[in-house]
Amino acid sequence: MNLDPRNFQQAAREALNDPLLRPALGRMKTHFGAGRAAAVARYGDFEALREAGKAIRDYAVTHLDELLTQFERSVVARGGTVHWARDAAEARDLILGILRDAGAKTVTKGKSMVTEEIALNPFLEANGIVPVETDLGEYIVQLRHEPPSHIIAPAFHLSKEQVAETFFASHTDLDPKRSLVERNALVQEARAVLRRSFESADAGITGANFLSAKEGAAVIVTNEGNGDLTRLLPKMHIVVTGIEKVVADMNDVAVLLRLLPRSATGQPISTYVSVMAGRRGADESDGPQAFHVVLVDNGRSKLIGTEAQDVLRCIRCSACINHCPIYGAIGGHAYGATYMGPIGAALNPGVMGVENAAHHANASTFCGRCAEVCPVKIPLPRIMRHWRAVEHSKGLAPRSITAGLGVWAFAAKRPGLYRLGASVMAWFLRMMGRRGTVHALPVMQGWFAVRDFPVPQGRTFQAQWKARRQNAAERIGLEGGNSRSRQQR
Amino acid sequence: MSGGREAILQSIRSRRLVQSPKPQPYSAPKTEGDLAEAFAQRLSFWQTDVRMLDSMADVPAAVADVLRGKNMAQRVHIAPDSALALDLPGIEVLREPPGQNDAAVTEVPFAIAETGTLAYPAGKGRPASWHFRPVLEIAVLRASDVVPELEDVLKRLGGVLPSTLNLVSGPSRTGDIEQTMELGAHGPKSLAVLVVKS
């Protein structure tokens, strides 16, 4: 299990050779890709919806201070408390403090990528508090001591047989001869086991898909209903989320709700959407008696006003991941980070540092599918290119790459030299090629280890271009002559 | 930890920033025709038993029939102070919160035609957790309470949210094991909606 983004290359190589990962990754296109395409086709003008979503998120990202302070006032007016955490350590301490003040010993958790980001669970365990993940996928990977391999499908990499093994190993108080062959048997077992956790938990922690500034509400989308039992059954509800999740009001949330499930799972709406505004009302018989929101910065605010600002528009739908050929080949664990695929490649170098996560930005074919399917039109390849440029300018890229690029740049600025070099290169490749393909060269051995290069066909681009321009000039000359002769008649 | 607040706001404000304009109001594609019919059709697609009833007098028989169809005892949980004034002959009514194998009958204040969604603002007689505790939820809705879209629900609430607003579109489900959908993950395995026309 790779937990360090700097080990990306080695982990990716291992993932490519992991036979257990193939069936899971094979489901990516058939389940997520096709579902999104059908939902988008049925909607009507999805492009206009994407534009609206982009505008809403752009407004929010460029008015974060106003919206966050408004959100805070609204939460306080409803009897809740807002906490601000600069980084992961501060967030963990704040959450532990809130739980200790309430005397909490066990905590149920709804799905939250930010609590993965700040590594909350091991910290709580080390401090004597038992966190229980309740989203089925999160619960499975928690039992296996693994991180999620996908932001909306945490157990994406596992087969039902692996889940059954995990349940037999973990639920030792149940009949060891019971059948866990069917998926539904697994779902029902988790339902029964986790219901006990919901009923006995001292506090519930959820993430938020959106925060609504005007109403002071946190909004989550789920299909299981676990987020709601997490909020509603214990005495205290703590929302942990990133500062960028805030939007102006619930009408903005209503627009984004049309984008999120369609882009994520291909559903027009998730089974449950829960708008959670503060603690229970005076005339209500259930709901939490205390409500806290922990706003986590952890590197987000420093992206505002930079080349990477657009990445803050992200609504974490996972469409970019589901359409990424790199993720489709290696899965999520190889990234060694909470956010994987194109969104990870655009976000991680910014928040974790280019020196730690540049590999993610380099792991792209620049096919552009991620930007095409992004519901809020984040130019993901452009941001990855930005991180590549930063890596290069800081001298962090391997010397072989910077040296090679240096040679190329020197030649590219000198047309005569470039022409000569290109002709020599084309000749050389033709010499090295076998049946139209180059399999290896004395240089770039790493590149050729997993790739072939086609033998150049015909003349270089520049030579062809020159010939075309000459031909064109001759044709224009001819036509000009004809028109003159017509006028004379 | 008050330092965190000022530091984060300061970090945001110190950025070189081009402020984006207030977004234009968005208008979603409108639902054509009868709202209750559109609602029923869309929610039925999500494994929900939607029944159109002529009047409130038909509700008791429908509740009994739904329970029979699920092979469940003629016993339901209805929240204390519920606005549902139901006389359910032959059905035992319990007032405590339903357990994970029980059936609950709930009142739906609004529903949304665009997505086939039930909208439950929590309040007196409408405990939010009851939409997640039981194995079967039978929801009673008046056809006239179906509105076109979520924005209409927000308008009807007058801009003031309850502590919890739950939007429900079908029974609980999960795709977390091999991306294959299974019903009854944590919330109800079955959802029945009785739409009363008058």
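This is a predicted model: local features need pLDDT of at least 70, side-chain atom pairs count only at pLDDT 80 or more; totals for chains, interfaces and linings use all residues.
## Where the two chains pair up

Zoom out, and you get an open sheet of eight strands with mixed pairing. Reading across, the order is E8(A)-E5(A)-E6(A)-E9(A)-E9(B)-E6(B)-E5(B)-E8(B). Strand E8 (246–247) of chain A and strand E8 (146–147) of chain B are the edge strands, each pairing on one side only. As a reminder, strands of a sheet pair through backbone hydrogen bonds, either parallel or antiparallel.

## The rest of the interface

How many residues of chain A are in contact with chain B? The count is 74, and they meet 58 residues of chain B. On the chain A side, helix H10 (residues 183–200) gives the most, with eight residues. Sorted by class, that side of chain A has 32 nonpolar, 22 polar and 20 charged residues.

## Domains and the core

Chain A is assigned three stretches: domain 1 (1–44 + 311–397), domain 2 (63–302) and domain 3 (399–458). Taken over C-alpha atoms, the centres of domain 2 and domain 3 of chain A are 51 Å apart.

The largest nonpolar core has 185 residues, and those with the most contacts inside it are Leu256(A), Val294(A), Ala346(A) and Val193(B). Helix H12 (residues 250–264) of chain A gives the most to this core, with nine residues. Domain 1 and domain 2 of chain A each supply at least three residues to the core. For a closer look, take Val294(A): leaving aside neighbours within four places in sequence, its contacts include His83(A), Ala85(A), Leu94(A), Ile238(A) and Val240(A).

## A look at helix H3

Why does the length of helix H3 (residues 46–61) of chain A agree with what a helix should span? At 1.5 Å a residue, its 16 residues should span 22 Å, and the end C-alpha atoms are 22 Å apart, so the two agree.

Several H3(A) residues are buried, among them Leu49(A), Ile56(A) and Val61(A), along with the charged-class Lys54(A), Arg57(A) and Asp58(A). What covers the buried residues of H3(A) includes helix H2 (21–43), helix H4 (64–77), E8 and H12 of chain A.

Key. Residues are numbered from 1 along each chain as its sequence is written. Chains are lettered from A and ligands numbered from 1 in the order in which they are written. Two residues are in contact if their C-beta atoms, placed from the backbone, lie within 7 Å. Helices (H or I, at least four residues) and strands (E, at least two) are DSSP runs, numbered from the N terminus. Domain bounds come from an automatic or database domain assignment. A nonpolar core is a set of buried Ala, Val, Leu, Ile, Met, Phe, Trp, Tyr and Cys residues joined through C-beta atoms within 7 Å. A residue is buried if 20 or more other C-beta atoms lie within 10 Å of its own, exposed if 12 or fewer, and partly exposed in between; C-beta atoms are placed from the backbone. Two strands pair if DSSP finds at least two bridges between them. The expected span of a helix is 1.5 Å times one less than its number of residues.
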